[in-house]
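Please look over the sequence and the model that follow, and keep both at hand while reading.

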Amino acid sequence: MGSLLNMLGAGGAMLTLPILVYLFKIPGDVAIGYSMFVVGASSSFGVVGHLKRKSIDPAVFFIWDSFFHHGCFKQIVSLPLIPDPVFSLNGWLISRAAFLLSIFALLMLSSAFGMIKVSEEINGQKSHSK
């Protein structure tokens, strides 16, 4: 997974959660915390070279890094507060893992559509109908 993330850059972070869930068979709600750790750790290792070259402001890195640690802590504390199953609909039980992975999927779809829209606007492919 580390090689894949390295080759794909920041976009590879989106693959971490599905890889943990479907390839390594880690439950989805647990995999969310693992993916945050994997992405944060790989980002922290990646920033070392930039800090040595002084191409980034260390204060900015430490601010973002504190947000990362705060997010991991919030996930660890708040995950047990989400009931499992989250809800029942006509006899169908929606587990916490399925619910969280569905939210992740919706987030990825909205990001993809947003990137396509911006790409079309940049390339001048947006229709200008009146």
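**A walk through the model**

Val-60 has its place in helix H4, which covers residues 58–78; helices here are DSSP runs of H or I with at least four residues, strands are runs of E with at least two, and both are numbered from the N terminus. The model is a predicted one, in which local features need pLDDT of at least 70 and side-chain atom pairs count only at pLDDT 80 or more, while totals for chains, interfaces and linings use all residues. Residues are numbered from 1 along each chain as its sequence is written, and side-chain values use heavy atoms, with hydrogens and water left out.

Val-60 counts as partly exposed because its relative accessibility is 40%, given that buried means under 20% relative accessible area, exposed means over 50%, and partly exposed lies in between, with a 1.4 Å probe and protein chains only. Together with Ile-63, Trp-64 and Phe-67, Val-60 forms a nonpolar patch on the surface, and the accessible area of these residues together is about 460 Å². Such areas come from the Shrake-Rupley method with a 1.4 Å probe, and for residues only the protein chains shown count as cover. Patches are made of residues with over 30% relative accessible area and no salt bridge, where nonpolar side chains (Val, Leu, Ile, Met, Phe, Trp, Tyr) are joined within 5 Å and like charges within 9 Å.

Phe-61 is also found in helix H4, but at 17% relative accessibility Phe-61 counts as buried. Which residues does Phe-61 touch, not counting residues up to four places away in sequence? They are Ser-44, Val-47, Leu-51 and Ile-56, where contact means heavy atoms within 4.5 Å. Of these, Val-47 is 14 residues apart from Phe-61 in sequence, and the two C-alpha atoms are 8.1 Å apart in space.

Two packed helices are described by the angle between their axes and the distance between the axes. Helix H3 (residues 28–53) packs with helix H5 (residues 96–122) at an angle of about 50°, and their axes are 7 Å apart. H3 is therefore oblique to H5, since angles under 35 degrees count as roughly parallel, over 145 as roughly antiparallel, 65 to 115 as roughly perpendicular and the rest as oblique. The axes are lines fitted to C-alpha atoms, for helices over the stretch in contact, and angles run from 0 to 180 degrees between N-to-C directions. From H3, the contact involves Gly-28, Asp-29 and Ile-32, and from H5 it involves Arg-96, Ala-97, Leu-100 and Leu-101.

Side chains of opposite charge can pair when their charged atoms come close. The structure holds one salt bridge, a term that means a side-chain nitrogen of Lys or Arg within 4 Å of a carboxyl oxygen of Asp or Glu. Arg-96 forms this salt bridge with Asp-29, and the closest N and O atoms are 3.0 Å apart. Because Arg-96 lies in helix H5 and Asp-29 in helix H3, the pair ties together parts that are 67 residues apart in sequence. Arg-96 counts as buried at 16% relative accessibility, and Asp-29 is buried as well, with a relative accessible area of 9%.

The loops deserve a look too. Lys-25 lies in the loop between helix H2 (13–23) and H3, has a positive phi near 60° although it is a residue other than glycine, and counts as exposed at 66% relative accessibility. Asn-90, in the loop between S1 and strand S2 (92–94), likewise has a positive phi, of about 50°, without being a glycine, and at 76% relative accessibility Asn-90 counts as exposed. In the loop between H4 and strand S1 (87–89) lies Pro-85, which is joined to Asp-84 by a cis peptide bond with omega of about 5°.
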